[in-house]
Amino acid sequence: MSSISIIGLGSMARALGGLALKGGNTVEVIGRDVAKAAELARELGSGATTGTLGAVPAGDIVILAVSYSGSAQIVSQYGNALAGKVIVDITNPFAPGFTGLVSPDGSSATQEIAEVAPADAPVVKAFNTLFATVLTAGPADGRPLDVFIAGDDARAKAAVSAFAESIGLRPFDAGPLDMARRLEEAGLLMMGLGRHGVQHYDFSLGVTILH
Ligand SMILES: NC(=O)c1ccc[n+]([C@@H]2O[C@H](COP(=O)([O-])OP(=O)(O)OC[C@H]3O[C@@H](n4cnc5c(N)ncnc54)[C@H](OP(=O)(O)O)[C@@H]3O)[C@@H](O)[C@H]2O)c1
């Protein structure tokens, strides 16, 4: 069982929060609109609570379910209130029209967040290659959905993997923090597939192990 705080009150917060509670984890939702946070907690049920933006989160794992443009700034504003937490960046820093990434070349949204996070708050990238609608619907063929995790801290990755398993996902370690850029590019690839070859967004990116 993990204790999860989710910053952000949108589609991904709703999808991950719902699954987290179903998986036996505790969930705190945090947003800049207090009434909206209370409404989401009520909607999620199962003991979901609300927290205060900027105050020490209740969860050991803090999921940043906000837009890329707000993510590093939020972590910077939290400062030491995030000390000792595992920070999970799920952002897809897409350029308008999905023409590229707006995170800096040679870096990633996750690395930008890691630069401003407390030294003892490891940052991992995860969940950015799973559409909220797909997470909520779950796997179609009984095979768990895959989640790719990038980060430099083995214990943080283990904690996020355990959480992922608790919500029915199959976690894969994608490598060190600089692989976050590759995961952001994989998010972009998914948008290309959705717009072209697949022609909808009801699909997931997964690993097929042959041997
Ligand atoms: N949707 C997907 O399928 C999907 C899949 C993978 C990854 N992602 C990534 O996950 C993140 C969240 O996506 P989403 O679809 O859940 O977005 P969303 O539905 O638009 O919700 C975004 C949430 O972030 C909050 N927010 C934005 N800037 C903020 C700030 N500066 N301070 C506090 N809260 C802030 C918004 O607050 P208000 O409610 O106050 O506006 C809103 O609650 C994005 O980075 C996205 O790229 C999304």
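These legends describe close-up views of a predicted model.

**View 1. Helix α2 has a buried face.** Helix α2 covers residues 34-44. Its buried residues are A37, L40, A41 and L44. Seen down the helix axis, they fall within an arc of 100°, so they line one face of α2. An α-helix has 3.6 residues a turn, so residues three or four places apart point the same way.

**View 2. The other side of α2 carries exposed residues.** A35, R42 and E43 are exposed there. Just after the helix comes G45, with a positive phi of about 65°.

**View 3. Several elements cover the buried residues of α2.** Helix α1 (11-22) is one of them. Strands β2 (26-30) and β3 (49-51) also contribute to this cover.

**View 4. A shell of 23 residues surrounds the ligand.** The closest are L9, G10, M12, G70 and T91. Helices α1 and α3 (68-78) each supply at least two residues of the shell. Sorted by class, the shell holds eleven nonpolar, nine polar and three charged residues.

**View 5. Strands β7 and β8 run parallel.** Strand β7 spans residues 146-150, and β8 spans residues 170-175. Five bridges join the two strands. D146 stands opposite R170 in β8.

Key. Residues numbered from 1 in each chain as written. Predicted model: local features only at pLDDT ≥ 70, side-chain atom pairs only at ≥ 80, totals over all residues. Buried ≥ 20, exposed ≤ 12 C-beta atoms within 10 Å, placed from the backbone. Helix = DSSP H or I, 4+ residues; strand = E, 2+ residues; numbered from the N terminus. Arc of directions from axis to C-beta. Contact = placed C-beta atoms within 7 Å. Near = placed C-beta within 6 Å. Nonpolar A, V, L, I, M, F, W, Y, C, P; charged D, E, K, R; others polar. Pairing = 2+ DSSP bridges.
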